[in-house]
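Here is a short briefing for someone meeting this structure for the first time. Keep the sequence and the 3D view open while reading.

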Amino acid sequence: MGMYWQKDLETMTASQLEAHQFQKLKETVSLAEQSPYYGGLFKKRGLGTANLKSLEDISLFPMTTKEDLRENFPYGFLTMPLNNTIRLHCSSGTTGNPTVIFHNRHDLDSWANLVARSLFAAGARSTDVFQNICGYGLFTGGLGFQYGAECLGALTIPAGAGNSKRQIQLMQNFGTTVVHAIPSYLTRLYTVFEELGIDIARDTKLRLLVIGAEPHTEAQRQRIQDLFGIKAFNSFGLSEMNGPGVAFECEYQTGLHLWEDAFFAEIINPDTLEPVPEGEVGELVMTTLDRQAMPLIRYRTRDLTRFLPGECPCGRTHRRIDRITGRTDDMFIVKGCNIFPMQVEKILMNFPEIGHNYLIVLETIKGVDEMLIKVEVSRDWFAGDMDVLENLRRRVVNEIRDEVLLTPQVKLVEPGALPKQEGKAVRVQDLRKNEGA
Ligand code: AMP
Ligand code: ZN
C-alpha cells in the first residue's frame, strides 16, 4: 500500500464511489440541460434529472458522438455564457470541423488536479524536475501536463516538441528527473542520446518516463524501458475528456486506473451499443462528472479497451482499464481480414532485429488490395548480409500472417529511412483506389 495524492477520493469503497458518482451525475445532467444541444435533446425525449433514480439510469440517456460535437460546433454544448469560460482546446481530428472543448476556472483546476494525481500515482513528486516534451497549443498534452505537474509542485519545463539535442541539453542543464513524451518520439530521442555519446544512467538524472497520447503495445513500452533503463508509465486521455489525466498507470503498471470520481465509464459493443460482458473488450464510453462549462454525457471515445478484473496492490479502488488496443475507426479491412495496426506492431516489436519505426501502406496493385509493411531494421542488424536480412523478412511475413490471417508484403529499410512525424505517429497510409473494399 502506497501513498496517495487524495486518499479519500482514490481509495473510496465501491458503494462510496457509486454514491459519489450518482450525486455528480445528477449535477452534470442538470448542468448539461443548460446547453442548447442537450437542452433541446432532453426536452424532445422527456429526459432530466427526475429520470435518475440510480446510477444505472444513465442508460436512459442517449450517447454523444464526435459527429454531434461537429454538427454543433462551436458553441452548441456550452452551458454558460462564453465570457465565463477561460480556455479552449481542440482534438487532433482529421477532417471537417475540429471538436472544441471549453473550460471555466473550475474545469481547469479539476483537470490539473487529476493530472497531478496521475503523476503522483506513477511515482512523480514535488521534488521532481518535469520536462514536458510535447506540443503546446491546442493539443492538450502541453498545457495539460504543464498545469498538472505544477499542481503537483514539480519544477516544470515547458520544453515543447522536437529539437532533440536541445531537449537533452535541457535535461542536463536542469537535472530533469521525469519526462513526458509520446512513445514514438522517445525511441527517436534515444538515438540522439546514442549519437551524442551520452549515457542516460551516468550523465542524466532521469528516473521516470510518462508515455501516452498514442497507441503503443506492451512490447514497445518494454523497449523504451530497456533503452532508457527506467520505467515508463502509460498515460491515457482525450481532449473531449479534458486531455491527459483520464486514466493512468500506478507504480505497479497493471493497467490504467480510470479516475472514476471524475468520469463515469462504460464499455459497450460498438455495433449493438449494449454493454459488453464484464472484462470483455469494447468501446469506451465516458461521462464527465466534474465539468461545468461543457459536460459530455456518454461520449463515444471510439477507443477499444476492457476493464481489468481484481484489485490493484496500490490500494486505489478506481477500476483499471487495459492499454488501448485500437480505435473502432483505425481498423482496416484488406481482402476481408479485419486488421488493427497494433496487431502488426505487437509482432514487429518482438523481433530484436527490428528498429522502432514502421509504416503500413495499403494499396491497390492490379486491382487487388495489398498490405505492404515498411519496417526499419535496427542499426546493429542492418549491416548483416543479404541472406540474413531475407531470412528475417520471411520470419516477419510469417508471423504477421499468423496474427492477421493475411500475407503481407514486407520491405526492410535502413534505420531512419521512414518519414518522421512531429506529433502523434501515423502508422497507416491508405492509398487504395477503393477504400475499405
Ligand atoms: P486527442 O484528443 O487529439 O488528444 O486524441 C485522443 C486520442 O488519442 C484517444 O482517443 C486515443 O485514441 C489516443 N490516445 C491517447 N492516449 C493514449 C494511450 N495512452 N494509448 C493509446 N491511445 C491513446
Ligand atoms: Zn494501482
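This is a predicted model: local features need pLDDT of at least 70, side-chain atom pairs count only at pLDDT 80 or more; totals for chains, interfaces and linings use all residues.

I267 has L284 of β11 as its bridge partner. That pairing belongs to β10 and β11, which run antiparallel over six bridges.

- β11 spans residues 282-288.
- Strands of a sheet are held in pairs by backbone hydrogen bonds, in a parallel or an antiparallel sense.

- Where does D261 sit? D261 lies in the loop between β9 and β10. β9 covers 256-258, and β10 covers 263-268.
- Is D261 buried or exposed? Its relative accessible area is 6%, and buried means under 20%, so D261 counts as buried.
- Leaving aside neighbours within four places in sequence, D261 is in contact with several residues, among them L9, M12, L17 and H20. Its contacts also include K24, R117, L289 and H318.

- β5 runs over residues 178-181. V178 and H180 point one way from the strand, while V179 and A181 point the other way. All four of these residues are buried.
- β3, residues 129-132, runs parallel to β5 and is joined to it by three bridges. In this pairing, Q131 stands opposite V179.
- β6, residues 208-212, also pairs with β5 in the parallel sense, over four bridges. Here V178 stands opposite L208.

**The sheet from β17 to β20**
- This open sheet has four strands in the order β19-β18-β17-β20, and its pairing is mixed.
- Why do β19 and β20 each have one side without a neighbour in the sheet? They stand at the edges with a single partner strand each, so one side is left without a neighbour. β19 covers 409-413 and β20 covers 428-430.
- Neighbouring strands of this sheet are turned by 20° against each other on average, direction ignored.
- β18, residues 368-377, runs parallel to β19, and five bridges join the two. K374 has K411 of β19 as its bridge partner.
- Helix α11, residues 341-349, packs on this sheet. α11 touches β17, β18 and β20. The direction of α11 makes about 135° with that of β17, which covers 354-365.

**Ligand 1**
- How many residues surround ligand 1? There are 17, and the closest are S92, N234, S235, S239 and D303.
- The side chain of S239 has an N or O atom 2.5 Å from an oxygen atom of ligand 1.
- The side chain of D303 likewise places an N or O atom 2.5 Å from an oxygen atom of ligand 1.
- P215 takes part through its backbone: one of its backbone N or O atoms lies 3.4 Å from a nitrogen atom of ligand 1.
- On its own, ligand 1 has 500 Å² of accessible area, and the protein covers 93% of that.

Conventions. Residues are numbered from 1 along each chain as its sequence is written. Chains are lettered from A and ligands numbered from 1 in the order in which they are written. Side-chain values use heavy atoms; hydrogens and water are left out. Buried means under 20% relative accessible area, exposed over 50%, partly exposed in between (1.4 Å probe, protein chains only). Contact means heavy atoms within 4.5 Å. Two strands pair if DSSP finds at least two bridges between them. Axes are lines fitted to C-alpha atoms, for helices over the stretch in contact, and angles run from 0 to 180 degrees between N-to-C directions. A residue is near a molecule or strand if one of its heavy atoms lies within 4 Å of it. A polar contact is a pair of N or O atoms within 3.5 Å; within protein, one must be able to donate a hydrogen and the other to accept it, and residues adjacent in sequence count only if both atoms are side-chain atoms. Accessible areas come from the Shrake-Rupley method with a 1.4 Å probe; for residues, only the protein chains shown count as cover.
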